[in-house]
Amino acid sequence: MTPGYSIADRLLYRVALGSRTLQKSLADIESRLNAAQLRQTPADRPVFIASLPRAGTTLLLEALHRTGAFAAQTYRDMPFVLCPLLWRSVSRGFRRTAALRERAHGDGVAIGYDSPEAFEEVLWKAFWPWKYAPDKILTWSSRDRDGEFEEAFAAHMRKVVAMAGRTGAGTPRYLSKNNANIVRLPLLAELYPDCTILIPFRNPADHAGSLARQHTRFLKLHDGDRFAQSYMEWIGHYEFGRAFRPFAFPGEPVGEAGTPNYWLDYWDRGFRHILGELPNQARLIDYDRLCDAPQTGLRALAEILEVPAGQLCDQAHRFHAANRYDAIPTGPPAARARETYENLRRLAVDAG
């Protein structure tokens, strides 16, 4: 049994997340019940963190969230993530407390009920089910417009901000980590012209090695626990294991999933796609360089996001060099990846 999830929990999650219609209906009811409050809640200058997994997105999310300047969804919003105001009200009577525990990735990141997490993809899945093919996730373009979705997304951001309430820094701004946003950058930028999109990246050999390691880890986890696979699929995390559905980046994949060259090629096609669609609102973050000089990198990030540098730099001790992987692939995928990596580094916010 997946640690922390009882039989009753699993049943509740299956009911809540297994039905796209239920989530949308409850979200719409909640929006109507809270219409007056939501109209008065701003959702300007949102910040979206997106990249391939294992790029440092979780640590960036946690660091920004801890400044108090941003509002993000937390594990307390599960499983009714699209109606957080209603669920917080209903669940207040049996609210749980628990010590932090290492997440399933086995990477030392400790999480608890109040930790921010990536749940935004549930909303995209609810309105764009045809984008999620059995073997891949299709890309979005600026032509993919849906008025109902845009209204629901705007309401969702306001709900998250409203839940956070006012802080010492005033009204917080919406913050999300959603790796899948890398396949919809033009649309995201068009919908929210005042947004900032942070896209961290690592050197390709180490990043590909981390992707391969996590894929193997989650294959074993899913083989032993089908609920763990279902959970990832329900919340739109198709990144690893039996739940893996690659993003449909241009080009043909190299090799089979799980091999070093496959992940290196996937990294290269992914970041070439990002570079080809990079909107003005996007900022590339060299995660390796950030970990080498966190005070400098976080100060630059604070300036970009217009938040107090001290609050962000206080967390510099949390940024340290990621694992290195000795098995470095060679051949055409490696050569292409090195070229892409150099292009990313030239455009990174701390390149100067």
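**Helices and salt bridges**

In this predicted model, let's begin where two helices touch: Arg10, Tyr13, Arg14 and Leu17 in α1 meet Phe227, Tyr231 and Trp234 in α10. Sorted by class, that contact has five nonpolar and two charged residues, with no polar ones.

How do the two helices sit relative to each other? Helix α1 covers residues 7-17 and helix α10 covers residues 226-234, and they pack at an angle of about 30°, their axes 11 Å apart. Angles under 35 degrees count as roughly parallel, so α1 runs roughly parallel to α10. As for handedness, the crossing of α1 and α10 is left-handed.

Besides taking part in the α1 contact with α10, Arg10 meets Asp225 in a salt bridge, side chain to side chain, at 3.5 Å from N to O. Since Arg10 lies in helix α1 and Asp225 in the loop between α9 (204-224) and α10, the pair ties together parts that are 215 residues apart in sequence. Are these two partners buried or exposed? Arg10 is buried, with a relative accessible area of 17%, and Asp225 is buried too, at 10%. The cut-off for buried is under 20%.

Now for another pair. Lys159 forms a salt bridge with Glu30, and the closest N and O atoms are 2.9 Å apart.

The side chains of Asp286 and Arg289 meet in a salt bridge at 3.7 Å, N to O. Asp286 counts as buried at 1% relative accessibility, whereas Arg289 is partly exposed, with a relative accessible area of 25%. Elsewhere, salt bridges that share partners join up: Asp265, Asp268, Arg269, Arg272, Arg336 and Glu339 form one network.

Why do such pairs turn up? Side chains of opposite charge can pair when their charged atoms come close. And how many salt bridges are there in the whole structure? A search finds 20, among them the Arg10 and Asp225 pair we started with.

Methods. Residues numbered from 1 in each chain as written. Predicted model: local features only at pLDDT ≥ 70, side-chain atom pairs only at ≥ 80, totals over all residues. Heavy atoms only, no water. Axes fitted to C-alpha atoms, helices over the stretch in contact; angles between N-to-C directions. Helix = DSSP H or I, 4+ residues; strand = E, 2+ residues; numbered from the N terminus. Parallel < 35°, antiparallel > 145°, perpendicular 65-115°, else oblique. Left-handed = near helix turned anticlockwise from the far one by under 90°. Contact = heavy atoms within 4.5 Å. Nonpolar A, V, L, I, M, F, W, Y, C, P; charged D, E, K, R; others polar. Salt bridge = Lys/Arg side-chain N within 4 Å of Asp/Glu carboxyl O. Buried < 20%, exposed > 50% of the residue type's maximum accessible area, 1.4 Å probe, protein only.
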